[in-house]
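User: I'd like to learn how to read helix packing and strand pairing in a model like this. Could you walk me through it?

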Amino acid sequence: MVGGALPAALAANWLATAWDQNAGMAVLSPVSAALETITQTWLLDLLALPAEAGVGFVTGATMANLSALAAARHAVLERVGWDVESQGLFGAPPITVVVGDEVHVSVLKALSLLGLGRERLVRVSVDSQGRMRPEALPTLTGPTIICTQVGNISSGACDPVDEICASAHDAGAWVHVDGALGLWLAAAPAQAHLVRGLASADSWATDAHKWLNVPYDSGLVICRRPEHLRAAMSVSAAYLEQQDVRGEPYHYTPEMSRRARGVEIWAALRSLGRTGLADLIERNCGYATHFAAKLRGAGYQVLNEVVSNQVLVSFGDADTTRQVIAAIQAEGTCWCGGTVWHGQAAMRISVSSWATTEEDVERSLAAMLRNAAKFQSGRQ
Ligand SMILES: Cc1ncc(COP(=O)(O)O)c(C=O)c1O
């Protein structure tokens, strides 16, 4: 899923680049610090997350996942008396890490970077749409982190975060949500039911450069208790004799020096407004539903329940589907990638730009059907 770049966000990006200020420290870019503070309040409100949560402006969802899971690692070990920032994982009490079978590779990468390993995980089975099955959660004891996902990169489906939180929190586990795509569904009234209960988790990761349509690189890590993120990310308070360590941007991100990416997020939100953001998301989801209906109508198999902006379509057997995808890509009207969904080759349609119009959708559909017709075997 790639986003677009809203005009206001692109202009703000150019402007902030021309300012050339270091946004890691408030004293070096007071304007960025002020805009990030405002933006943080807006984001938590739009996404219906706890108002007191801490936010870090990072490069993308991979770093957001990493930062959130570092905060989780800190918190679950602190509860059993272990200071992971000082002592590392040498001799630490073991942490049980639970993921769904459809966990995104970036979460696995984050876990491996954090010394939690990508192989020693408890994997929980998922349903036909890739949603973690809460009843399949293991019995939880000791330090535990559960990695959930809202917005499966293939099906768009969302884990039942509310149900997972209910049993996880009884056992003192930390629940993280990888919401690279799906966190934004919370800002769209017609889709918000998909992410019911999101606010009961402990940490969230999302991309601004996907559905918020700001330029790359831009992601957000959000932590219910800012002190957990700060404990995992901050350096010595004495480093620069800061007046306000609590609010210093660089105490909430892996980076110290960085660009002022909050400025373009501010501009995106300011230009869209609450209704503009909801409209962008709902419009994209509506187009996805339309793609699915037309492709189904033409006799091709849509493999997922199209609940958000992702559509998985098979044009027949694996070879045919791959040939159709290659033909569509070569023709160039639109670009869709290939994937394998539950053993079946599929083309993945992802509608995610403010600039996509009904006309684009119709032209893309025509291109898909024109190219698929060259390989007839997929029709039912
Ligand atoms: C569910 C999910 N998590 C995380 C990521 C990683 O995002 P990024 O490439 O912005 O780091 C993606 C990217 O597609 C994703 O789909």
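This is a predicted model: local features need pLDDT of at least 70, side-chain atom pairs count only at pLDDT 80 or more; totals for chains, interfaces and linings use all residues.

User: Which strand does E4 pair with over five bridges?

Analyst: That's strand E5 (residues 174–178), again in the parallel sense. Here Ile146 stands opposite Val175 in E5.

User: Is strand E4 (residues 144–149) enclosed or open?

Analyst: Count neighbours: a residue is buried if 20 or more other C-beta atoms lie within 10 Å of its own. Six of the six residues of E4 pass, so the strand is largely enclosed by the rest of the structure. Check each face, too: Thr144, Ile146 and Thr148 are buried on one side, and Ile145, Cys147 and Gln149 are buried on the other.

User: Now the helices. At what angle do H1 and H8 pack?

Analyst: Helix H1 (residues 7–19) and helix H8 (residues 261–297) meet at about 150°, their axes 8 Å apart. Angles over 145 degrees count as roughly antiparallel, and H1 and H8 are therefore roughly antiparallel to each other. Their crossing is right-handed.

User: Which residues meet there?

Analyst: From H1, they include Ala8, Ala12 and Asn13; from H8, Val263, Glu264 and Arg270 are among them. Sorted by class, this contact of H1 with H8 has eight nonpolar, two polar and two charged residues.

Terms used. Residues are numbered from 1 along each chain as its sequence is written. Axes are lines fitted to C-alpha atoms, for helices over the stretch in contact, and angles run from 0 to 180 degrees between N-to-C directions. Helices (H or I, at least four residues) and strands (E, at least two) are DSSP runs, numbered from the N terminus. Angles under 35 degrees count as roughly parallel, over 145 as roughly antiparallel, 65 to 115 as roughly perpendicular and the rest as oblique. A crossing is left-handed if the near helix is turned anticlockwise from the far one by less than a right angle, and right-handed if clockwise. Two residues are in contact if their C-beta atoms, placed from the backbone, lie within 7 Å. Ala, Val, Leu, Ile, Met, Phe, Trp, Tyr, Cys and Pro count as nonpolar, Asp, Glu, Lys and Arg as charged, and the others, Gly among them, as polar. A residue is buried if 20 or more other C-beta atoms lie within 10 Å of its own, exposed if 12 or fewer, and partly exposed in between; C-beta atoms are placed from the backbone. Two strands pair if DSSP finds at least two bridges between them.
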